[in-house]
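Please look over the chain shown below alongside these notes, which take up a few places where its parts meet. They are numbered so that each can be checked separately.

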Amino acid sequence: MKNPDTITVAIYTLTSELHNEEAVAAATREFLAELHIDYDFRGNNYADYGTHALDLIYVRTGGTEGLFLRLLPQLQAQSNKLFYLLTSGKSNSLAASMEILSYLRQQGLKGEIIHGDSDYISRRIGLLSKASEARKRLQGSRLGIIGQPSDWLISSHADKEIVKRRLGIELIDIPIQELLNTIAEMPLPETTTESAPTAAISQSLPGAMQIYKALRVIVARHQLQGFTLRCFDLLTAVRNTGCLALARLNAEGIVAGCEGDVPALLSMTIAHVLTGVSGFQANPSSINPQTGSMVFAHCTIPLNMVQRYELDTHFESGIGIGIRGYMQEGPVTIFKVSGDLSRHFIEEGQLTVSQSNPDLCRTQQVIRLSSPAQTSYFLNNPIGNHHIILPGHHKELLEEIMEISS
């Protein structure tokens, strides 16, 4: 059974020769039909194992431990994925799966037994499929670091080799001067579709669009799927900001981060392949440990994440263009990975209100964490200052992609 418009799940089988094949085949048809999933049934032909979004080894009977042991070198040569052992529990299949998983753990390998009622199994397979497909889409991505991380981001660098090995992402260093040269070559737009509330912002809009167009050239030139920009250098070099450019590019599917923060860029890229939006890169401005309420703020937000937005100046400098965006109130997820991928933080909460205080970066969100105790992470062991805010609850899915990328 296969629907080409859905994520592909491949099912391979392990069956003891002592069991009657006809009886096992009938039980297999019944078991898989109850799951209501789309899959490719590969049987005991493991030639293309590792090539699908999700490969399941269906342990159909007991007595299959030795068969798996003989297959293991081939499976490892074809794939570095986790081993997922699907079992109905019939014919001692759960016992065999436990023995196999125990052996894998002894060898320092990771795996999971997928077992339970049909609703649980189908939901678990669906979750793993989405995470695995997202992990596959990360492979071969090229992300630019335009300029180095801002001087104050002393913990926000990344280990390029680890990122390439675990996520399949290549990090490309691009000098900030290349962007400045490209901006200088761009004709200044005479008009813009953006409406300006003040004369100062109206004067800054052509330059902001010039930066946007120059960044699109850089993205095409280096074949990037995303980038992070040492954006504060633009304040002195061209007397403008990248806030509008980043807001537009993120909405167009090009992941665009601020301040040269590479871990934030990686977090946004992972979020994008999972959810379709890059997320709001913001820093906590205040925390109430007793209630779990936090204020996050920054001067840009992807335009495809907001219900409406307003143009203002950049907060710290008072020049250029800043974005005050208003997201739909409701469930959100806060996400961040470290630059060496050794740590990550994922927590869900509720966006309760958007603020517009004059003494903060222009987009301001008040978020109440699901557990006030989670504020201790920010105060005792944070992964840098920037964190990524995503609309909706995505903790389970993000945890899965981090697990399969470990």
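**Notes on packing and salt bridges**

1. Ile 174 counts as buried, because its relative accessibility is 3%, and this residue is found in strand 7, which covers residues 170–174. The model is a predicted one, so please read each value below as computed from the predicted coordinates.

2. Leaving aside residues up to four places away in sequence, Ile 174 touches Gly 144, Ile 145, Ile 146 and Gly 147, and also Ile 218, His 222 and Leu 224. Gly 144 lies 30 residues from Ile 174 along the chain, and the C-alpha atoms of the two are separated by 6.5 Å.

3. Helix 6 has as its buried residues Ile 176, Glu 178, Leu 179, Leu 180, Thr 182 and Ile 183. What do these buried residues pack against? Their partners are strand 6 (142–146), strand 7, helix 7, strand 8 (226–229) and helix 8 (233–237).

4. The packing of helix 6 (residues 176–185) on helix 7 (residues 199–222) can be described by an angle of about 125°, with the axes 9 Å apart. Helix 6 passes helix 7 in a right-handed crossing.

5. On the helix 6 side of this contact are Glu 178, Leu 179, Thr 182 and Ile 183, which meet Gln 210, Ile 211, Ala 214, Leu 215, Val 217, Ile 218, Arg 221 and His 222 in helix 7. Sorted by class, the contact of helix 6 with helix 7 has 7 nonpolar, 3 polar and 2 charged residues. Ile 218 and His 222 are also among the residues that Ile 174 touches.

6. Turning to charged pairs, side chains of opposite charge can pair when their charged atoms come close. The count comes to 19 salt bridges, taking a side-chain nitrogen of Lys or Arg within 4 Å of a carboxyl oxygen of Asp or Glu as the rule. Glu 112 forms one of them with Arg 124, the closest N and O atoms being 2.8 Å apart. Because Glu 112 lies in strand 5 (residues 111–114) and Arg 124 in helix 4 (residues 118–138), the pair ties together parts that are 12 residues apart in sequence.

7. Arg 124 also forms a salt bridge with Glu 400, where the closest N and O atoms are 2.6 Å apart. This pair links distant parts of the chain, with Arg 124 in helix 4 and Glu 400 in helix 12, 276 residues apart. Are these two partners buried or exposed? Arg 124 is buried, because its relative accessible area is 14%, and Glu 400 is buried as well, because its relative accessible area is 11%. Glu 112, too, is buried.

8. Arg 123 forms a salt bridge with Glu 396, the closest N and O atoms being 2.5 Å apart. Here again distant parts of the chain are linked, Arg 123 being in helix 4 and Glu 396 in helix 12 (residues 395–404), 273 residues apart. Arg 123 counts as exposed, because its relative accessibility is 52%, whereas Glu 396, at 41%, counts as partly exposed.

9. A further group to inspect is a network of salt bridges that links Arg 308, Glu 310, Asp 312, Arg 324 and Arg 362.

Conventions
Residues are numbered from 1 along each chain as its sequence is written. This is a predicted model: local features need pLDDT of at least 70, side-chain atom pairs count only at pLDDT 80 or more; totals for chains, interfaces and linings use all residues. Side-chain values use heavy atoms; hydrogens and water are left out. Axes are lines fitted to C-alpha atoms, for helices over the stretch in contact, and angles run from 0 to 180 degrees between N-to-C directions. Helices (H or I, at least four residues) and strands (E, at least two) are DSSP runs, numbered from the N terminus. A crossing is left-handed if the near helix is turned anticlockwise from the far one by less than a right angle, and right-handed if clockwise. Contact means heavy atoms within 4.5 Å. Ala, Val, Leu, Ile, Met, Phe, Trp, Tyr, Cys and Pro count as nonpolar, Asp, Glu, Lys and Arg as charged, and the others, Gly among them, as polar. Buried means under 20% relative accessible area, exposed over 50%, partly exposed in between (1.4 Å probe, protein chains only).
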